[in-house]
Amino acid sequence: FELDSIDVSAFTAGPRSSSGGDGETAAQRQKVIDKVLRSVKETGFLYITGDHGVTPKLLADVYRVCDWFFALPKEEKMKCFLPHSPHPRGYSPEASENVAALMGRKGVGDPVEKFSVGFEAPLTIDARDGSDAIEFVSAAVDGAKSEAKQDNDDDVNDALLKQCFAPNVWPEGADEFRDVLSKYFSAAFVLGQQLMELFAEALQVPLDTFSKQCMKSSASLRILRYPSMPASPSSTSESSADDPPGRMAWHTDLGTVTLLSTDELGLQVQLEGDDKWHWVPVPPKGALIVNVGDVMSHWTNGQWVSTRHRVVCAPANQEGRVPQRTSIVMFHQPGYDAVIEPICGANDKEKLPTMRWNEFCADKMNRIDW
């Protein structure tokens, strides 16, 4: 089992274009589209490479500050814990969340630590490319208060806004941690918007069909630390159980796309109509794993697949232990006011219902065992 590795530079580097540019550029973009279409229809997963804006240095910085944060004493991390919060913000200790419940199943708390950030207020600019957009998004994540960076007071009081936006919670004296995560969130969000335009071109719809629906995005960035643990038969990666103990139960992602970087084996996917679980290798240096979320599948009327995936224990090392694993996950999502209307003609299935984003996510989020 292998994922396609796709250089997306033709869509993410240089000026934006709705016409595809000259003949050579148009041909390059079509090659990318052809590869992407195959991946999103068959597996829902792919690697992206090339000049996509998430630099190797930025990734290295994120892993470094992850190590710093997760090494803090538990009492310091718990100062950032918001129990029973509906917003992914701050610290989540081991076993405080249950991903199986997200899919309506019974399960135990996930043995993984998490730290999450998101927008404190909706963006009011078209953040798709360029350093200005990245700096702007970073300020919005970093909690900068400016009329230019959030909607007016009337909108802020709207119930939908309260469902999607909340203040971030940062450790005390963690300026570098805050700065690095804000920059990564920004670069990853801009990349997500560029992928929305790539997807629109692939589906032969107006370029801003999806990106404009994500302008007031409720996206979130989560860093995860799976601890090293003793290997045991019940936690082996060869388990045929849907939810083997030890890491994270199977689920699908709610949003448009997920952008993932990880440093250790553990991710597995289950393709439609296949009972087997397949390993997803750690991405090559500079690459990110991208997977289709439930919203993008809905937008394409089920033509693109939001694939089941889970995290299991990697093979034990020489000391008989499952190695520690760190993941950096950007969940790109629609805006709080987005309308998710399936694109007809994508396949022969009956058209799925049109839904607002808050309606779409409420059904799934309300099942979470917080």
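Q: How many aromatic pairs does a search of the whole structure find?
A: This is a predicted model, in which local features need pLDDT of at least 70, side-chain atom pairs count only at pLDDT 80 or more, and totals for chains, interfaces and linings use all residues. Residues are numbered from 1 along each chain as its sequence is written, and side-chain values use heavy atoms, with hydrogens and water left out. Rings of Phe, Tyr and Trp (its six-membered ring) pair if their centres lie within 6.5 Å; planes under 30 degrees apart count as stacked, over 60 as edge-to-face and the rest as tilted. The number of aromatic pairs found in the whole structure is 14.

Q: Why is the pair of Phe69 and Tyr91 edge-to-face, rather than stacked or tilted?
A: The ring centres of Phe69 and Tyr91 are 5.8 Å apart. Their planes stand at 65°, so the pair is edge-to-face.

Q: Are Phe69 and Tyr91 buried or exposed?
A: Buried means under 20% relative accessible area, exposed over 50%, and partly exposed in between (1.4 Å probe, protein chains only). Both Phe69 and Tyr91 are buried.

Q: How many residues apart in sequence are the parts that Phe119 and Phe185 tie together?
A: The rings of Phe119 and Phe185 have centres 4.9 Å apart and planes at 80°, so this pair is edge-to-face. Phe119 lies in the loop between β4 (113-118) and α6 (131-141), and Phe185 in helix α9 (residues 175-202); helices (H or I, at least four residues) and strands (E, at least two) are DSSP runs, numbered from the N terminus. The parts tied together are therefore 66 residues apart.
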